[in-house]
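Morning, everyone. I have one model to walk through today. Please bring it up on the screen.

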Amino acid sequence: MIQTLKHGRPPEAKAGLGAQVRATVEAILADIEARGDAAVRAYSQQFDRWSPASFRLSAEEIAACIAQLSPRTLDDIRFAQAQIRRFAQIQRDSMKDVEVETLPGVILGHRHIPVNSVGCYIPGGKYPLIASAHMSVLTAKVAGVPRVIACAPPFEGRPCPEIVAAMHLAGADEIYCLGGVQAVAAMALGTDTIPGVDMIVGPGNAYVAEAKRQLFGRVGIDLFAGPTETMVICDDTVDAELVAVDLLGQAEHGPTSPAYCVTTSPKIAAELPAAIEAVLARLDTAPVARTAWLDYGEIHLCDSDEEALEVAERLCSEHVQVMTKDPDWYLRRMTRYGALFLGHRTNVSYGDKVIGTNHTLPTQGAGRYTGGLWVGKFIKTHTYQRVLTDAASVLVGEYCSRLCGYEHMSGHKEQADIRVRRLSRAVAA
């Protein structure tokens, strides 16, 4: 039997601010489309108190940001990027162009072609999310995208040196100190000073996520993301303190971030609330994390792994950390999640920052139909066909003609028939 010992907010409460966010974003996008750079500058001043001579950083400004960082900081950024680049390159190498002769004289194939330009949004208002530069800019460059631009808001009244360094080392072709909906809109719609792109990627707050949703179709996007979600599936092989740390480590992202404990251990279920309070006492981000846990935290006590799996599949969390006797049991069976973190030796923070997998992942149940950001998101798979012989064209054409006739599409049918008429003579000869 599954017992839910702590409930989060009901879905209708979680959707409370949706209409207001949608309306605000719609108005900003319309204004930026109408007024371009002037509107971008006005919103940057309004929301970030930031209105430099140019939002694009010069080579000298980038170098000055990097010069502010210690050798250790730069080494740490390079280490993280090396791991992410290595795994992204392995993923890219797994994607092969194909060409095959499916019938005598009929050649079919596909090519993997990177999109021409990508805009990467790097959050940096509340937390300077250095890792998001690795995950978006670097992955796009590994995919082969020719033009990758990156935007991040000012942090404490200036470009964040760590973010700028990460963008630059990841290979960004243009770097802008610009945040919020105005950054996403400028990249997607284009202005006189920021040429538009074909695709927008990267996480952000509710307004950034809504901007991506409204712009989808005019440009491509990676996925709809946010707020961050985490789940810990555990048994008696770990303790309540470790579970509390791993839940709160993601709850600190924001006050609406769900944190789920799914456990077969009555001991952990009973001890977790006190463990949460003990861990909160040592976190600087406790006010945010506590709100997220109180409002959106859940504890599900299950009698078996099968029941725990049922809960996990239903909730379809962005991050799923499995700390059980046999984590691979879940790896073999789970189908709905953003990313898995298997065993007590790893955790979501490793994946977020450094281990090499991408941290831009599906939320709000989107793991039902998509995975996270990876090199393949930046690549379009285009097919082609070639018919080498008259006989092959006649063979396919005769089938095509009849099939078009069943659909009453005479123009399509004539495309096949004209070739059958002209080429049949040569085949007969």
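In H10, the buried residues are Ala 240, Val 243, Ala 244, Asp 246, Leu 247, Leu 248, Gln 250 and Ala 251. Buried means under 20% relative accessible area, exposed means over 50%, and partly exposed is in between, with a 1.4 Å probe and protein chains only. Helices (H or I, at least four residues) and strands (E, at least two) are DSSP runs, numbered from the N terminus.

This is a predicted model: local features need pLDDT of at least 70, side-chain atom pairs count only at pLDDT 80 or more, and totals for chains, interfaces and linings use all residues. Residues are numbered from 1 along each chain as its sequence is written, and side-chain values use heavy atoms, leaving out hydrogens and water.

Back to H10. The helix covers residues 240–251, twelve residues. From first C-alpha to last, H10 reaches 16 Å, close to the 16 Å expected at 1.5 Å a residue. That expected span is 1.5 Å times one less than the number of residues.

What do the buried residues of H10 pack against? Strands E9 (230–234), E10 (259–263) and E12 (319–323), plus helices H11 (266–280), H12 (286–296) and H15. Contact here means heavy atoms within 4.5 Å.

At the N-terminal end of H10, Asp 239 is the cap. One of its side-chain oxygens lies 3.0 Å from the backbone nitrogen of Glu 241.

Next, two loop residues. Gln 364 sits in the loop between helix H15 (348–353) and strand E14 (379–387). Its phi is near 50 degrees, a positive value in a residue other than glycine. Most residues other than glycine have a negative phi. Gln 364 counts as exposed because its relative accessibility is 60%.

His 408 is in the loop between helix H16 (390–406) and helix H17 (410–428). His 408 is not a glycine, yet has a positive phi of about 60 degrees. Buried or exposed, at 74% relative accessibility? His 408 counts as exposed.

Now the whole protein. It has 17 helices and 14 strands. Of its 429 residues, 50% count as buried. The C-alpha atoms fill a box of roughly 90 × 60 × 45 Å, taken along the principal axes. Among contacts with a separation of 6 or more, 74% come from residues 24 or more positions apart.

Methods: A polar contact is a pair of N or O atoms within 3.5 Å; within protein, one must be able to donate a hydrogen and the other to accept it, and residues adjacent in sequence count only if both atoms are side-chain atoms.
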